[in-house]
Amino acid sequence: MAKEMRWDPKLLSLHKRTHVFVKFAVSFLLLGLAFRLFSSDSTGVSSVVETTPLAEQKAESPAVSLPIQAPVSSVFPENENHTSENVAAKCDIFTGDWIADESGPAYTNESCHVIEDHQNCLRNGRPKLDFLYWRWNPRDCELPRFNPQRFLHLMRNKSWAFIGDSISRNHVQSLLCILSQVERAVEVYHDEEYRSKRWRFPAHNFTLSVIWTPFLIKAAIFEDMNGVSSSEVQLYLDELDEQWTDQYKDFDYVVIAGGKWFLKTAIYHENNTVAGCHYCPGKNLTELGFDYAYRKALHRVLNFVTRNDHKAFVFLRTTTPDHFENGEWFSGGYCNRTVPFKEGEVEMRGIDSIMRNIELKEFEEAAAVGSENGVILKLLDTTGLSVLRPDGHPGPYRQFQPFAKEKSAKVQNDCLHWCLPGPIDSWNDLVMELLVNGEKYR
């Protein structure tokens, strides 16, 4: 016999209250979801690339024998376009400190195959890897990690060139290694000495070049691949090097840099005559100094790019300091420090300060001209932050296993170029930020 179902008004009241509560909860969840979708869409730039979760990225990273973790883009802010004048007024991405970064470099010597032997410190047996776990941190603003997906998206159907000496080649290799996480470049050209090269990223129709022109102006150089000179450099201060000027119209973006080659002994030519020299004892010539030639060269270079009919986006990178101690590269100098300097622990050397001051002065004058002529000129001021990284050079590990046969062997050190991976990778973080939010900076 079935039980009689009795109607209870209290149960109905409870049911109604429960129903109202459920409706309210569902409405609240839908409102929250709509707000999240709206806010995520409003960021704009980050919608170009889908960020991989931390766990997934670790699982997808190639297995390597080095204790290095692939970087996770979600740990660092994306390069977002900012227009706030208050942010622009206080933010200087070139002033700051190197801070510990557990994520490590974006690539390894095993995941990147374009690292030159002399900068391949890990393969060459450098024992301590602490130098890999630092990142540049501007004092008054956040510097996002370089985003290779977004960079290649922006560079679709574009061309880019690094113009300068072997430090420019060091820099372009760093960029190639970072971009190889997304697409591996195909080398399509190299000169006889492999100093100038060109790569192509087929999936993005992006071309990346490095043009070796250590003086940027016309020069006759009598030096072998080991840096041994048989005669003085002949430097023509009123003529640019056609090696790069003839190709300039082919590039949408260029990074131009001069530097240490101007310290070499050289005879200076102007107006088809010998005007003087730098460090040429016994030649009976006027000593004009390296600063005279460097100022003339930079002025001519920047005049060319700012008054050119071709409107490229131009970066001027400042001089790169070396960290030789107790000698130079040819006289037993070495660099065996293992941690970055902190602000106040080291001062910029006189030569570097002179060169950077010339660069700043010529840049300021050229930027004004470029602005009038529709040319974007940006300063990539890497000198100060690089001074703080004595630990980032190959040192004796410019060659393979230098102490394998004898632990006390005397070997040549490289305290000018940078290990790859290494501190130079942070230069690309700066390039990306200037590219995306250039209006915030000088």
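Author: For the lining, Ala, Val, Leu, Ile, Met, Phe, Trp, Tyr, Cys and Pro count as nonpolar, Asp, Glu, Lys and Arg as charged, and the others, Gly among them, as polar. The model is predicted, with local features needing pLDDT of at least 70 and side-chain atom pairs counting only at pLDDT 80 or more, while totals for chains, interfaces and linings use all residues. Residues are numbered from 1 along each chain as its sequence is written, and side-chain values use heavy atoms, with hydrogens and water left out.

A pocket here is an open set of points on a 1 Å grid over the protein atoms alone, where a 1.4 Å probe fits and protein lies on both sides within 12 Å along at least five of seven lines. Points are joined across faces, edges and corners, and the volume is the space filled by probe spheres set on them. On that basis the largest pocket holds about 1600 Å³. It is lined by 47 residues, a lining residue being one with an atom within 4 Å of a point. Closest to the centre of the pocket are Glu223, Gly227, Trp261, Lys264 and Trp329. By class, the lining has 18 charged, 16 polar and 13 nonpolar residues.

Helices (H or I, at least four residues) and strands (E, at least two) are DSSP runs numbered from the N terminus. The chain has ten helices and 13 strands. Helix 5, residues 166-179, gives the most to the pocket lining, namely three residues.

Two of the residues closest to the pocket centre, Glu223 and Lys264, are also paired in a salt bridge, with their closest N and O atoms 3.2 Å apart. The term requires a side-chain nitrogen of Lys or Arg within 4 Å of a carboxyl oxygen of Asp or Glu. The pair joins distant parts of the chain, 41 residues apart: Glu223 is in the loop between strand 7 (217-220) and strand 8 (233-240), and Lys264 is in the loop between strand 9 and strand 10 (266-270).

The structure has 18 salt bridges. Some form a network, which links Lys260, Asp322, Glu328, Arg349 and Asp352. Another joins Asp381 to Arg356 at 2.7 Å, N to O. Asp381 sits in the loop between strand 13 (376-380) and helix 9 (383-387) and Arg356 in helix 8 (residues 350-373), so parts 25 residues apart in sequence are tied together. Asp381 is buried at 4% relative accessibility, and Arg356 is buried at 19%.

Thr319 touches members of both these groups. This residue is in the loop between strand 12 and helix 8 and is buried at 0% relative accessibility. With neighbours up to four places away in sequence set aside, Thr319 is in contact (heavy atoms within 4.5 Å) with residues including Lys260, Asp352 and Arg356.

A nonpolar core is a set of buried Ala, Val, Leu, Ile, Met, Phe, Trp, Tyr and Cys residues joined through side-chain atoms within 4.5 Å. The largest such core has 48 residues, and Phe151, Trp160, Phe206 and Leu208 have the most contacts inside it. Helix 5 is among the elements that each supply at least two residues of this core; others include helix 4 (148-154), strand 3 (159-164) and strand 6 (206-212). Beyond four places in sequence, Leu208 touches Trp160, Phe162, Val172, Leu175 and Leu176, among others. A second, separate core has 39 residues, among them Ala161, Leu240, Tyr268 and Val305.

Over the whole chain, 47% of the 442 residues are buried. Of the contacts with a separation of 6 or more, 76% are between residues 24 or more positions apart. One such approach in space brings Pro105 and Pro421, 316 residues apart in sequence, to 6.4 Å, C-alpha to C-alpha. Pro105 lies in the loop between strand 1 (96-100) and strand 2 (134-138) and is buried at 8%.

Terms used: Buried means under 20% relative accessible area, exposed over 50%, partly exposed in between (1.4 Å probe, protein chains only).
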